[in-house]
Amino acid sequence: MTKVLDVLTGNPLTKAVTKQLGVPQATELRRGRVLPSGDVVLAVLEGAGESSGATREALTTLGITGAEAIRDEPAARTTGEDGRVVPPAYEGKIGALVLDATSVATIGDLEGVRAVLRPALRALGSSGRVIIVGTAPELTEQPEGAAVQQALEGITRSVGKELRKGGTANLVYVSPATTGAALASSLSFLLEGRSAYVSGQPWRVLGAQPGEVPADPTAPFAGKVVVVTGAARGIGAGIAEVFARDGASLVVVDIPAAGEALTKVANNLGGTALQLDITSPDAGQKIAAHVAARHGNDAKIHAIVHNAGITRDKLLVNTDEDRWGSVLEVNLAAELRINEVLLDSSIDGGLAEGGRIVGVASTSGIAGNRGQSNYAASKAGVIGLVRAEAPLLADRGTTVNAVAPGFIETEMTDKIPFATREFARRFNSLSQGGKPVDVAETIAYLAAPDSGAVTGQVIRVCGQSQIGA
């Protein structure tokens, strides 16, 4: 039935009918390391506060010269032949609007946001981008300043829901210390197709140092060891593929029962396979020993992705201690134990100084989900873990972040009852489910050597799902 709906919504002859029936229409998203085809427009707002200047510097670092923005102001409007007032417009389609709103500090300053957004939204091309850069509200001294910076989040989320044809809107908060170099990896991710299924999200880039800037931006993990757990299939295999594409030396991990599929993934991607139950007490030691044995005693892990997870869904009133405990053990406790071992700087094959830890949470861990109290607990726990560990690891240059996938098309989601699956798939800003590669691209961005200023963050990869919080 799902494929029938896809055919109907994609057929020009039946598209109008399905639209009349209220079936959301999906657009093929721009994916991969592909910039927008149209101009990248840069608007730097003047306000009562101080602009950080990092946005323009970051675009320069990326080799992008922002085109001049048009503002919707009374003096710029004209009168059409029908007597209606016509706002100013771009001559053609634009690819993205990057809006530096770091100086916005009063309620009146927000008018500048509206004035720049109005013409840009009318001109935005397919899979276009709106990227707003603000000052983190908690770093703003005046209450009004904090309020209007928080207001940017409401604007961003609303704009994300208004965009069509695969467009996304996201908000990056910076600090006065954030440099253009530190912000560049985030703007690169958001402008490119790598962020295809990320919309309506706010996160923070507060550090000043980007970390290690790769010599080849298309192979940022060249010469670096990356470990991915739960990599035999689905999202885990997709994560491994993206890291391999970007030059990583892979170690893929999964349970012995998935050994055949795991070996196939490793062989296809030029990595090595480690069959391992991550809940075993010595799982961390075995991962480190494998890395040292295969890559040398001096080798260190650049990044570990904690993707392995299980579900044991039941209403809480029907959940016994085994269903409860097994999910928390695999999805959360194992991650804690493995991190503790790999962060021991004396262990061969452990995590490098300046390394990256990325956890996989879930929108269930944010919004909760009927019949998933154990799963939601474990995934909310992952969010709490990265936020707690981030400041503890800052002195080592090590970052720890998480992604929270929403509805991603996998063998597992194919088994969800039709009606539930269609609601989850269609009722988001992009009117479609995500792909494993969308989760993988976001993880690779967080794990990148030059994403050193991004830590303690949780990014939803859900197409701005309107089901749940």
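**Close-up views of strands and helices in a predicted model**

**View 1. Strand β1 and its partner strands.** In this predicted model, strand β1 pairs in the parallel sense with strand β2, which covers residues 67-68, and two bridges hold the pairing. Within this pair, Val41 has Ala67 of β2 as its bridge partner. Between the two strands the chain passes through helix α3, residues 54-61, and this β-α-β crossover from β1 to β2 is right-handed. Strand β1, which spans residues 39-44, is also joined by six bridges to strand β5, residues 94-100, and these two strands run parallel. Here Leu42 stands opposite Val98 in β5.

**View 2. An open sheet of seven strands.** The strands follow the order β11-β10-β9-β12-β13-β14-β15, and their pairing is parallel. Because β11 (272-275) and β15 (458-461) stand at the edges and each has a single partner strand, one side of each is left without a neighbour in the sheet. From one strand to the next, the twist averages 20°.

**View 3. The pairing of β10 with β11.** Strand β10, made up of residues 249-254, runs parallel to β11 and is joined to it by four bridges. Val253 is found opposite Leu274, a residue of β11.

**View 4. Helices α10 and α12 against strands.** Helix α10, residues 321-342, lies across β12 (301-306) and β13 (351-360), and it runs at about 175° to β12. Helix α12, residues 373-393, packs on the sheet and touches β13, β14 (399-405) and β15, while its direction makes about 160° with that of β14.

Technical notes: Residues are numbered from 1 along each chain as its sequence is written. This is a predicted model: local features need pLDDT of at least 70, side-chain atom pairs count only at pLDDT 80 or more; totals for chains, interfaces and linings use all residues. Side-chain values use heavy atoms; hydrogens and water are left out. Two strands pair if DSSP finds at least two bridges between them. Axes are lines fitted to C-alpha atoms, for helices over the stretch in contact, and angles run from 0 to 180 degrees between N-to-C directions. Contact means heavy atoms within 4.5 Å. A crossover is right-handed if, with the strands pointing away from the viewer, the path from the first strand over the helix to the second runs clockwise.
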